[in-house]
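Me: I would like to learn how to read a few features of a protein model. Can we take them one by one?

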Amino acid sequence: MLAYVTIGTNKKAEALAFYDAIAAELGAKRTFNNDRIQFYAGPQGVMFGVGTPADLGEATVGNGVMPAFGAADKATVDRVYAKALALGGTDSGAPAQLMETFYGGYFRDLDGNRICVCKFG
């Protein structure tokens, strides 16, 4: 059902370097872009975009907004979480088996957006 999700940044160059590294761990690549936003596409086909808000105003963290990146396995969840922290992201919930069929970790990116990386099953 989900086609894409976008988040805003006030530091586009830094955000793109951060998400380039995260995308590489997940097998995703940059796809189309314009002066305002860069999209990434992963193996599942859903896209993620990061850029300047459409109204060109200041990007703020959306309360309750949390994109989740699907991972191939638990080891990838752990790697992506660790990579995010190494790149300057902050912990928002270390990887753990949160439900019988859900393993996930949470971090905040350089702009404070909360991101989940998870494995279902």
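Me: Is A96 buried, partly exposed or exposed?

Reply: Keep in mind that this is a predicted model. Burial is read from relative accessible area, and the partly exposed class runs between the buried limit of 20% and the exposed limit of 50%. A96 has a relative accessible area of 27%, so A96 is partly exposed.

Me: Where does A96 lie, and which residues is A96 in contact with, leaving aside neighbours within four places in sequence?

Reply: A96 lies in strand 6, residues 90-99. With those neighbours left aside, A96 is in contact with F102, Y103 and G104. There is also a C-alpha distance to note: A96 and K74 are 9.1 Å apart in space and 22 residues apart in sequence.

Me: Now Q38. Is Q38 buried or exposed?

Reply: The cut-off for buried is under 20%. Q38 has 3% relative accessibility, so Q38 counts as buried. Q38 is found in strand 3, residues 37-41.

Me: Which polar partners does the side chain of Q38 have?

Reply: Look for N or O pairs within 3.5 Å. One partner is a side chain: Q38 makes a polar contact with the side chain of N33, at 3.3 Å. Another is a backbone atom: the oxygen of T31 lies 3.3 Å from a polar atom of the Q38 side chain.

Me: Which residues is Q38 in contact with, leaving aside neighbours within four places in sequence?

Reply: Q38 is in contact with L16, R30, T31, F32, N33, F48, G49 and V50.

Me: How do I read empty space in a model?

Reply: Rolling a probe the size of a water molecule over the atoms shows where empty space is left. In this model, the largest pocket holds about 370 Å³ of space. Its lining has 21 residues, and V46, F48, A68, F69 and G70 are the closest to the pocket's centre.

Me: Which elements give two or more residues to the lining of the largest pocket?

Reply: They are helix 1 (12-26), strand 3, strand 4 (47-51) and strand 5 (68-70). Helix 1 gives the most, with four residues.

Me: How many residues of that lining are nonpolar, polar and charged?

Reply: The lining has 18 nonpolar residues, three polar ones and no charged ones.

Me: What about the largest nonpolar core? Which residues touch the most other members?

Reply: A core is traced by following buried nonpolar residues from side chain to side chain. The largest one here has 21 residues, and Y19, I22, V50, F69 and V117 touch the most other members. Helix 1, strand 4, helix 2 (74-86), strand 7 (102-108) and strand 8 (114-120) each supply at least two residues. The largest share, seven residues, comes from helix 1.

Me: Which residues is Y19 in contact with, leaving aside neighbours within four places in sequence?

Reply: Y19 is in contact with I7, Y40, F48, V50, F69, D109 and I115. V50 and F69 are also among the core residues that touch the most other members. F48 and F69 are among the residues closest to the centre of the largest pocket.

Me: Let us turn to the loop between strand 4 and strand 5. Is E58, placed in that loop, buried or exposed?

Reply: The exposed class starts over 50%. E58 has 64% relative accessibility, so E58 counts as exposed. Not counting residues up to four places away in sequence, E58 touches N10 and P53.

Me: What backbone feature does L56 have?

Reply: Read phi together with residue type. L56 has a positive phi of about 65° although L56 is not a glycine. L56 lies in the loop between strand 4 and strand 5. L56 is exposed, with a relative accessible area of 64%.

Me: And G64, buried or exposed?

Reply: G64 is exposed, at 77% relative accessible area. G64 is found in the loop between strand 4 and strand 5.

Me: One last case. Where is L85, and what does L85 touch beyond four places in sequence?

Reply: L85 is in helix 2. L85 touches T90, D91 and F107. With a relative accessible area of 30%, L85 is partly exposed.

How values were computed: Residues numbered from 1 in each chain as written. Predicted model: local features only at pLDDT ≥ 70, side-chain atom pairs only at ≥ 80, totals over all residues. Heavy atoms only, no water. Buried < 20%, exposed > 50% of the residue type's maximum accessible area, 1.4 Å probe, protein only. Polar contact = N/O pair within 3.5 Å; in protein donor to acceptor, adjacent residues only side chain to side chain. Contact = heavy atoms within 4.5 Å. 1 Å grid on protein atoms, 1.4 Å probe; cavity = no way out; pocket = protein on both sides within 12 Å on 5 of 7 lines; lining within 4 Å. Points joined across faces, edges and corners; volume = space filled by probe spheres on them. Nonpolar A, V, L, I, M, F, W, Y, C, P; charged D, E, K, R; others polar. Core = buried A, V, L, I, M, F, W, Y, C linked by side-chain atoms within 4.5 Å.
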